[in-house]
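Here are a few notes from my pass through the model. Have it open while you read.

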Amino acid sequence: MLKPLGDRVVLKAETEEEKTVGGIVLASNVKEKPTTGKVIAVGAGRTLDNGEKLAPAVKEGDRVLFDKYAGNEVEYNGEKYLVVHEKDLVAVID
Amino acid sequence: MLKPLGDRVVLKAETEEEKTVGGIVLASNVKEKPTTGKVIAVGAGRTLDNGEKLAPAVKEGDRVLFDKYAGNEVEYNGEKYLVVHEKDLVAVID
Amino acid sequence: MLKPLGDRVVLKAETEEEKTVGGIVLASNVKEKPTTGKVIAVGAGRTLDNGEKLAPAVKEGDRVLFDKYAGNEVEYNGEKYLVVHEKDLVAVID
Amino acid sequence: MLKPLGDRVVLKAETEEEKTVGGIVLASNVKEKPTTGKVIAVGAGRTLDNGEKLAPAVKEGDRVLFDKYAGNEVEYNGEKYLVVHEKDLVAVID
Amino acid sequence: MLKPLGDRVVLKAETEEEKTVGGIVLASNVKEKPTTGKVIAVGAGRTLDNGEKLAPAVKEGDRVLFDKYAGNEVEYNGEKYLVVHEKDLVAVID
Amino acid sequence: MLKPLGDRVVLKAETEEEKTVGGIVLASNVKEKPTTGKVIAVGAGRTLDNGEKLAPAVKEGDRVLFDKYAGNEVEYNGEKYLVVHEKDLVAVID
Amino acid sequence: MLKPLGDRVVLKAETEEEKTVGGIVLASNVKEKPTTGKVIAVGAGRTLDNGEKLAPAVKEGDRVLFDKYAGNEVEYNGEKYLVVHEKDLVAVID
């Protein structure tokens, strides 16, 4: 299991086919092109100045829109994952 | 539904025609040219140092002036939206 | 009506003629040339770390000196306005 | 009257002749050359994180040494003034 | 013994062979390639604004994924170690 | 009298000869070359976020080592002084 | 005596020969090459936002690993010392 640290979240990027099923999210070519994925695991969250943790605003299973160029790409037990900071998550797709 | 995260807001950019109806907001060519749009959804708001949320100053349905070059462009179920940070909203047009 | 957001203020830049009436404010050619305008509307003000608002130090009708290169230029219902951050206001001209 | 905003201070730069009378302050050619002036008006002062104002450490009439390249130059009712941030004031000359 | 200071952590980078045993973590070639290692020693942790220490979220013996280009490389008593800041640790591999 | 403002300190740089008397402090040619001087006057000190002043850690008469490239050079009543920020003072030479 | 100011620490860099005696600390050629030294004197420590001092985590006599390119080099009474900020100390070598 990959347990993300701090304000990080582990994502599984969606294939083009999965995007179509869940309501196509096509970023137009002009702007920063966010892309979609599913939340696999969340960290403890960002640490505030007073030491308290700010629980992440997303949870396992959420479908999210995120900044395409953010994060670390890792392959674990044959699967590809992305580990991103919570600030790079743009929206939850309900 | 696109649920924006953190201090983000989902907007629907206005067409030139919609601008005319709602009192033309023509940015002159000299400065940074803001443009107009309608608020579709708001996030929980910015998190302050003490962990509290600062509710966004705009609400669904508000007509707003915003920084033209800000945000992510996304297309969801055939509609084009912009997801911007609240700090890129310049004014509400009453 | 343009309701500025956050620490922003809506200004109406003065014409050269209006400047003369109100005590000429001619910025010399050497330094950053501030210019003059009238406050049309003020926002809620800057949000402090603890979430409180810091009411703007200027009010509607004040004549102000401001940094010439700051802000967004907008035209609303045929009138040209400038939307600037409060920090770009240099002085009130009494 | 020019009422400076925030942590700004309005100064009247000294002429070479005035400098001589008040104890020559000649900045050597090597370093950043500060210059001298008189305080004409002070603002409310810098706003701290908790919203309180930090009263300026100088008052009207003080003779000061300041960073020559700082501030906005303005001419008001035929007189030339400099509006600088308090942090650009180096010392009071007693 | 190397006792890391502040928010630093001492790691032993894994050989390719060790990676295979513990579930291959192969970073794809596209993104920032994190790599794996074992925690040897942790510091007291980051100091918060109020002076308190934020205990590190990892402990001796944890297997971690970290940013490949971070940290100082040192050789101590013939062994090679990496001393990294906690913020450069991406995830714990359970 | 030069009264430094904020966290500034007025110094009198030492001549080579004075350095020898007080235990030669010769900065080697490799690194940033600090130099020595005597404290002539101290300001009220740095202002903390809560508005309190942090009294300077040096006092009039202290012999100090400081960053050679820091500060403003001024000549006052025929004497050359340096006005530096306290953070540019490296050590007190007892 | 050199009394370091703020969060600074005075070090005596180790010769190659001293390194061998204390367990060779050879930084490999790839990364940022930290080097070793002994703590000669510590300052009062970093000042926190609330004005309190954060006592340094090292004490006189500690053997430390530090960032090779940090600090000021000074020669005092014929001896060469390094004055570095505490944040440039990587680890204590027990």
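**Notes on strands and one threonine**

1. E:Thr47 is buried, at a relative accessible area of 18% (buried is under 20%, exposed over 50%, partly exposed in between, with a 1.4 Å probe and protein chains only). This is a predicted model, where local features need pLDDT of at least 70, side-chain atom pairs count only at pLDDT 80 or more, and totals for chains, interfaces and linings use all residues. Residues are numbered from 1 along each chain as written, chains are lettered from A and ligands numbered from 1 in written order, and side-chain values use heavy atoms, without hydrogens and water.

2. E:Thr47 belongs to strand 4 (residues 46–47) of chain E; strands are DSSP E runs of at least two residues, numbered from the N terminus. Leaving out residues up to four places away in sequence, E:Thr47 touches E:Glu52, E:Lys53, G:Arg46 and G:Leu54 (heavy atoms within 4.5 Å).

3. Within chain A, strand 2 (residues 8–13) and strand 3 (residues 35–42) pair antiparallel over five bridges. A:Leu11 sits opposite A:Val39.

4. Over in chain C, strand 6 (residues 63–66) is covered on both faces: C:Arg63 and C:Leu65 are buried on one side, C:Val64 and C:Phe66 on the other. Strand 6 runs antiparallel to strand 3 (residues 35–42) of chain C, with four bridges, and C:Val64 faces C:Gly37.

Technical notes: Pairing = 2+ DSSP bridges.
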